[in-house]
Amino acid sequence: MAEMTTTQVEEQLAEHNFIDRGGAQKDPEGIRFRLFSIGTQSNLLLEVGSDNGIRVVLSTNMEPLVERLKGSGEIVLDESKDFTLAKDETVKFEKRQGDAPYWWSYKAGDYSEAALLKAIDMYEMMLGWGEEITSAPPATE
């Protein structure tokens with residue numbers, strides 16, 4: 001599947017009210033790495049770029065939310081604190097280690113329109129998990 005141009009990415013994201021939160025290089029041929037969100041919250045982000053593909057990332061500041069979702073049966077949390085969706089166990093969010101705060105990350109796919117649409121759907125579903133995502137103190141970027 002062909003990579004998207006920057007214009008194609010921006011058009012898709014604008015349709016869904018995402019704002020560009022910054023990142024690395026953006027040029028007409030493509031995006032190396034950018035972060036997007038709906039609104040100004042920064043606990044749930046969409047990472048788009050040719051470097052790492054398209055990912056949905058959730059701040060580990062949201063651990064209380066993840067624990068609540070585990071209790072409700074919406075997600076399955078394993079010993080390493082990675083989690084999968086109960087309704088689709090192929091969707092696995094893995095903790096990315098690095099500088100604090102940490103992030104859970106799910107790679108929707110390569111830098112393609114199909115992966116972008118899948119990630120947008122996932123992001124919008126996750127926004128519905130609870131107001132904790134938008135009302136919590138922002139994650140440090």
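1. Confidence. pLDDT is the predictor's own confidence in each residue, on a scale from 0 to 100. The protein chain has a mean pLDDT of 85, and 90% of its residues reach 70 or more. Where pLDDT is low, the predicted coordinates should not be read in detail.

2. Basis of the values. This is a predicted model, in which local features need pLDDT of at least 70 and side-chain atom pairs count only at pLDDT 80 or more, whereas totals for chains, interfaces and linings use all residues. Residues are numbered from 1 along each chain as its sequence is written, and side-chain values use heavy atoms, with hydrogens and water left out. Helices (H or I, at least four residues) and strands (E, at least two) are DSSP runs, numbered from the N terminus.

3. Helix H1, buried side. The buried residues of H1 are Thr6, Val9, Gln12 and Leu13. They cover an arc of only 135° around the axis, which puts them on the same side of H1. Here buried means under 20% relative accessible area, exposed over 50%, and partly exposed in between, with a 1.4 Å probe and protein chains only; the arc is that of the directions from the helix axis to the C-beta atoms. An α-helix has 3.6 residues a turn, so residues three or four places apart point the same way.

4. Packing of H1 and H3. Helix H1 (residues 6–15) and helix H3 (residues 113–127) pack at an angle of about 25°, with their axes 11 Å apart. Axes are lines fitted to C-alpha atoms, for helices over the stretch in contact, and angles run from 0 to 180 degrees between N-to-C directions. H1 and H3 are therefore roughly parallel to each other (angles under 35 degrees count as roughly parallel, over 145 as roughly antiparallel, 65 to 115 as roughly perpendicular and the rest as oblique). H1 passes H3 in a right-handed crossing; a crossing is right-handed if the near helix is turned clockwise from the far one by less than a right angle, and left-handed if anticlockwise. On the H1 side, Val9, Gln12 and Leu13 meet Glu113, Leu116, Leu117 and Ile120 of H3, where contact means heavy atoms within 4.5 Å.

5. Met122 in H3. Met122 belongs to helix H3 and is buried, with a relative accessible area of 8%. Not counting residues up to four places away in sequence, Met122 touches Val56, Leu85, Val91, Phe93 and Tyr106. Ser80, 42 residues away along the chain, has its C-alpha atom 22 Å from that of Met122.

6. Helix H2. Leu65, Val66 and Leu69 are buried in helix H2 (residues 63–72). Seen down the axis of H2, these buried residues fall within an arc of 100°, so they line one face of the helix. The face turned away from the buried side of H2 carries the exposed residues Pro64 and Gly71. What covers the buried residues of H2 includes strands S6 (53–59), S7 (75–77), S8 (83–85) and S10 (103–109), together with helix H4 (132–135). Arg68 also lies in H2 and, at 38% relative accessibility, counts as partly exposed. Leaving aside neighbours within four places in sequence, Arg68 is in contact with Trp129, Gly130 and Glu132.

7. Strand S4. Leu35 lies in strand S4 (residues 34–38) and counts as buried at 14% relative accessibility. Phe36 is found in strand S4 as well and is buried, with a relative accessible area of 4%. Apart from neighbours within four places in sequence, Phe36 is in contact with Leu13, Phe18, Ile19, Asp20, Arg21, Leu45, Leu46, Val48 and Tyr123. The C-alpha atoms of Phe36 and Phe18 are separated by 6.0 Å, although these residues are 18 apart along the chain.

8. Positive phi values. Most residues other than glycine have a negative phi, and most peptide bonds are trans. Asn17, in the loop between H1 and strand S1 (18–23), has a phi near 65°, a positive value in a residue other than glycine; at 57% relative accessibility, Asn17 counts as exposed. Lys81, in the loop between S7 and S8, likewise has a positive phi, near 75°, and counts as partly exposed at 28% relative accessibility. Just after H2, Gly73 takes a positive phi of about 90°.
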